[in-house]
Amino acid sequence: MKRPSGRGRVWRRGDDGFDKAVLATSFNARDPGVRPELLVEANDAGDVQGALQLARENLWQVSIVSGGHSWAQNHIRDGGLLLSMARFNQITIDPVTRIALVGPGCWGLDLDNALRKHGLFFPIAHAPDVAMGGFLLQGGFGWGSRELGLATESLIGIDLVLADGRQVHASATENADLFWAARGSGPGFFAVVVRYHLKLHPRKKVTALKMQVFRQRHLEQVFRWADDIGSAVPQSIELQILITPKALGIFQPGIEVIVPVLADSWAEAREAVRFISDSPIRKLASFTTPLVPMNTSLMSRAANITHFPPDVRWCTDNIWTDAPIDDLLPGLRAIAATMPPAPSHSLWLNWHPSQQRPDMAFSLEANRYLAVYGEWTRGEDDDRYANWATERMAAMQAHALGIQLADENLGKRPALFMKDENLARLDTVRDKYDPQALFRSWMARPDR
Ligand SMILES: Cc1cc2nc3c(=O)[nH]c(=O)nc-3n(C[C@H](O)[C@H](O)[C@H](O)COP(=O)(O)OP(=O)(O)OC[C@H]3O[C@@H](n4cnc5c(N)ncnc54)[C@H](O)[C@@H]3O)c2cc1C
């Protein structure tokens, strides 16, 4: 993605450059084939209020974009008004109170770099240009989230513009129902976030990474081992296992075991990754790297270079699962056998949450997270690849507890993303604050 430059403007359908401006809001280079009537690039809260008034007068529904990292391009809908919040990218840090004020257009990378100077930390996303706007609303699985919790759990307040144009603050004690709804409703939220208030954490002294790479013929052994080790993986570690057609270092279909660790000392970091060094399958690995020093910005940048290049087309889908590994292996083998070319990949995340979450809309997770990311560059290949992710996850649906909104694909495969009672409660809060349905909601709801 490119950072926005200059002052934002209003684009009407039919204006020269309108299509380009709309498509440039999206990380996914696919053209969804639909367009809004109007694109408003807001510069300040007054522009947001003006855009909402215009939408009300024209009976247009409003969709919102901040960093444009919705894989499903949730914000590009047919008709209505598209409101871009990308220019709301300010960051203010108070190192004494350990609170940051950030705009929804602020990139994770920029926040991480700013916080490092103060020895402070926030669990930003794994790709540098994911913006705080959508990231915090859906939950936010960031670096260090197994230990620190979802990013949205470190949210202490939100400044919002409501459907009727009022500016309000929401927190645990003020407009608490809105605060509850914002933490987990993701692309179904029904107000415009203009600023987040974040609780910051001390930065760990050591950030490091260890990797182990296997050839694809060892798929079954690797995933049986990952399943066995499960909850024993220390919370300071986020064990990610990627199936890829071109694994790092071996340049052929393989499995990358990626182990980022955040620790207070090198001794603690080495101890935390011991389960890799001593693993019973280590001899099957093509190679194992030493534990190398890193920082979170560098790891995010590296993720973009190796796995999330810009200007390409994507299809994505996911499941949360607690199913036995024997039930999952056929699906994992099918993912490997049918995957589009690199850098397409799948992610198995050893999540195993250890903590009780606060009461918030976010309410569905499991011990394992499995997501598939299909990537291709040419429009001619759309028919060939566009349904790959949907088909792979539909095939494993019987073993799923639901999905995560971070990698949602609701328009193509509706699925449960929060507890039924939370979805019902969310509808009540929406009816109170957005009774005319000014804001677009999820592309589809769970079909049950
Ligand atoms: C390459 C890549 C890597 C990713 N890595 C991670 C990761 O590590 N962890 C993780 O949890 N997720 C990750 N995601 C998913 C990402 O967090 C979500 O797609 C998130 O919604 C992106 O936020 P955004 O503002 O960039 O996207 P947008 O597309 O701008 O926003 C997504 C939706 O959020 C809503 N929204 C956005 N801004 C506002 C606002 N200001 N007010 C009200 N509603 C708003 C809108 O409904 C919008 O359609 C990744 C996505 C990509 C493409």
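Me: Is L248 buried, partly exposed or exposed?
Reply: This is a predicted model, in which local features need pLDDT of at least 70 and side-chain atom pairs count only at pLDDT 80 or more, while totals for chains, interfaces and linings use all residues. Residues are numbered from 1 along each chain as its sequence is written, and side-chain values use heavy atoms, with hydrogens and water left out. Buried means under 20% relative accessible area, exposed over 50% and partly exposed in between (1.4 Å probe, protein chains only). L248 has 31% relative accessibility and therefore counts as partly exposed.

Me: Which residues does L248 touch, not counting those up to four places away in sequence?
Reply: L248 sits in the loop between β13 (240-244) and β14 (254-263); strands (E, at least two residues) and helices (H or I, at least four) are DSSP runs numbered from the N terminus. Contact means heavy atoms within 4.5 Å. On that basis, the residues touched by L248 are M211, V213, E256, F287 and T306.

Me: How many residues of β13 are buried?
Reply: Q240, L242 and T244 are buried on one side of β13, and I241 and I243 are buried on the other. In a regular strand, side chains alternate between the two faces of the sheet. β13 is largely enclosed by the rest of the structure, because the number of its residues that are buried is 5 of the 5.

Me: In β18, which residue is the bridge partner of I243?
Reply: Two strands pair if DSSP finds at least two bridges between them. β13 runs antiparallel to β14, joined by 5 bridges, and antiparallel to β18 (residues 345-350), joined by 4 bridges. I243 stands opposite I255 in β14. In β18, its bridge partner is S346.

Me: With which side chain does the side chain of D159 make a polar contact?
Reply: D159 is in strand β8 and is buried, with a relative accessible area of 12%. Across the sheet, its bridge partner in β10 is R195. A polar contact is a pair of N or O atoms within 3.5 Å; within protein, one must be able to donate a hydrogen and the other to accept it, and residues adjacent in sequence count only if both atoms are side-chain atoms. At 2.7 Å, the side-chain partner of D159 is H169.

Me: About how much area do domain 1 and domain 2 bury between them?
Reply: Automatic or database assignment sets the domain bounds, with domain 1 at 10-84 and domain 2 at 91-203 + 422-432. The contact takes 12 residues from domain 1 and 16 residues from domain 2. Buried area is the accessible area (1.4 Å probe) that two parts lose on being put together, summed over both. Of the area between these two domains, 65% is on carbon and sulfur atoms, and the total is about 1,000 Å².
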